[in-house]
Amino acid sequence: MATEFVSPEGLRLDGRRPPEMRHLHAVVGVVPSADGSALFHMGNTQVMAVVYGPHEVHNKAHQLHDKALVRCEYSMAAFSTGERRRRGKTDRRATELSLVIGQTLEAAIMTHLLPRSQIDIYVQVLQADGGTRAACINAASMALADAGIPMRDLVVSCAAGYLNSTPLLDLNYQEDSGGGPDLVVGYFPKLEKLSLLQMDSKVSIETFEKVLELATEGAKAVATFTREKLLENTRTLASARGHLKI
């Protein structure tokens, strides 16, 4: 019997409405030894992002004379899913996601202002329950802001899917495994432009537009939350400096 992801009452398996996002939580500056860091939760999915740089390029052969070299490394903690994973498949996925996340973040960084330097971004999934790609981008974007890296705009991300003929925002693992189409966007809120659009299935234009609109609205909500958290962190730091001067 097929799983019913949306009840006749319009509720999902976890009690949310179709256009409802999971609870968001974030903490900035969680790794004092790094230049920037952030812990980002989307529901039960938890991601840590750490940024080092800008600093001197370690391998001079990779140095770029007109912009910064941006490196991104994605990984999943061995305990993140509670299941034993095959290393080969995991490594291929990690390589793919490192590239996608890195390119999405690099599009936001004003690399031309930091020539002949290197920025290292590390993202690790601590707990996986769907939406890890979006959570990684959101965590890394906040870590870059925490590091003071010049950016054209914050880049935020959200996913949406289509199950039981219904567009669903911010899929959890159970929904993500339901076999329906899944779309992820990266979004520049101030510029109002997409920086990433990935979909793993073929759908009708009508369905695509509905899912894309929902994911974009979700990204806008993430942007509002992210800005508030970064502003809150700035105020906390300013207050701490004020006390130190006294």
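UniProt lists residues 20-150 and 153-218 under "domain: Exoribonuclease phosphorolytic", from an unreviewed entry. UniProt positions follow the numbering used here, feature names are shortened, and annotations may be inferred rather than shown by experiment. The model is predicted: local features need pLDDT of at least 70, side-chain atom pairs count only at pLDDT 80 or more, and totals for chains, interfaces and linings use all residues. Residues are numbered from 1 along each chain as its sequence is written, and side-chain values use heavy atoms, with hydrogens and water left out.

Over residues 153-218, the chain is 27% helix and 39% strand. The end C-alpha atoms of that stretch are 17 Å apart. Helices (H or I, at least four residues) and strands (E, at least two) are DSSP runs, numbered from the N terminus.

Five strands form an open sheet in the order 1-2-3-5-4, with mixed pairing. Two strands pair if DSSP finds at least two bridges between them. Strand 1 (24-28) and strand 4 (69-76) stand at the edges; each has a single partner strand, so one side of each is left without a neighbour in the sheet. On average, neighbouring strands are turned by 15° against each other, direction ignored. Axes are lines fitted to C-alpha atoms, for helices over the stretch in contact, and angles run from 0 to 180 degrees between N-to-C directions.

Strand 4 pairs with strand 5 (residues 117-127) in the parallel sense, over eight bridges. Leu69 stands opposite Gln118 in strand 5. Helix 2 (residues 132-146) lies across strand 1, strand 2 (36-42), strand 3 (45-56), strand 4 and strand 5. The helix runs at about 150° to strand 2.

**Aromatic pairs**

The whole structure holds two aromatic pairs. Rings of Phe, Tyr and Trp (its six-membered ring) pair if their centres lie within 6.5 Å; planes under 30 degrees apart count as stacked, over 60 as edge-to-face and the rest as tilted.

| Pair | Centre distance | Plane angle | Class |
|---|---|---|---|
| Phe40 and Phe225 | 6.0 Å | 85° | edge-to-face |
| Tyr52 and Tyr122 | 6.2 Å | 70° | edge-to-face |

Phe40 lies in strand 2 and Phe225 in helix 4 (residues 205-245), 185 residues apart. Both Phe40 and Phe225 are buried. Buried means under 20% relative accessible area, exposed over 50%, and partly exposed in between (1.4 Å probe, protein chains only).

Tyr52 is in strand 3 and Tyr122 in strand 5, so their pair ties together parts 70 residues apart in sequence. Tyr52 is partly exposed, at 31% relative accessibility. Tyr122 is partly exposed too, at 34%.

**The cores**

A nonpolar core is a set of buried Ala, Val, Leu, Ile, Met, Phe, Trp, Tyr and Cys residues joined through side-chain atoms within 4.5 Å. The largest one has 61 residues. Phe40, Tyr74, Ile101, Ile119, Ile121, Val123 and Leu144 touch the most other members. A second, separate core of five residues includes Phe5, Leu163, Leu168 and Leu171.

Contact means heavy atoms within 4.5 Å. Leaving aside residues up to four places away in sequence, Tyr74 touches residues including Arg93, Leu97, Val125 and Thr132. Thr132 is in helix 2. At 10% relative accessibility, Thr132 counts as buried. Beyond its neighbours within four places, Thr132 contacts Thr45, Val47, Tyr74, Arg93 and Val125.

**The hairpin**

Strand 6 (residues 156-163) and strand 7 (residues 166-169) run antiparallel, joined by four bridges. Leu163 stands opposite Thr166 in strand 7. The two strands form a hairpin with two residues between them. Asn164, in the turn, has a positive phi of about 55°.
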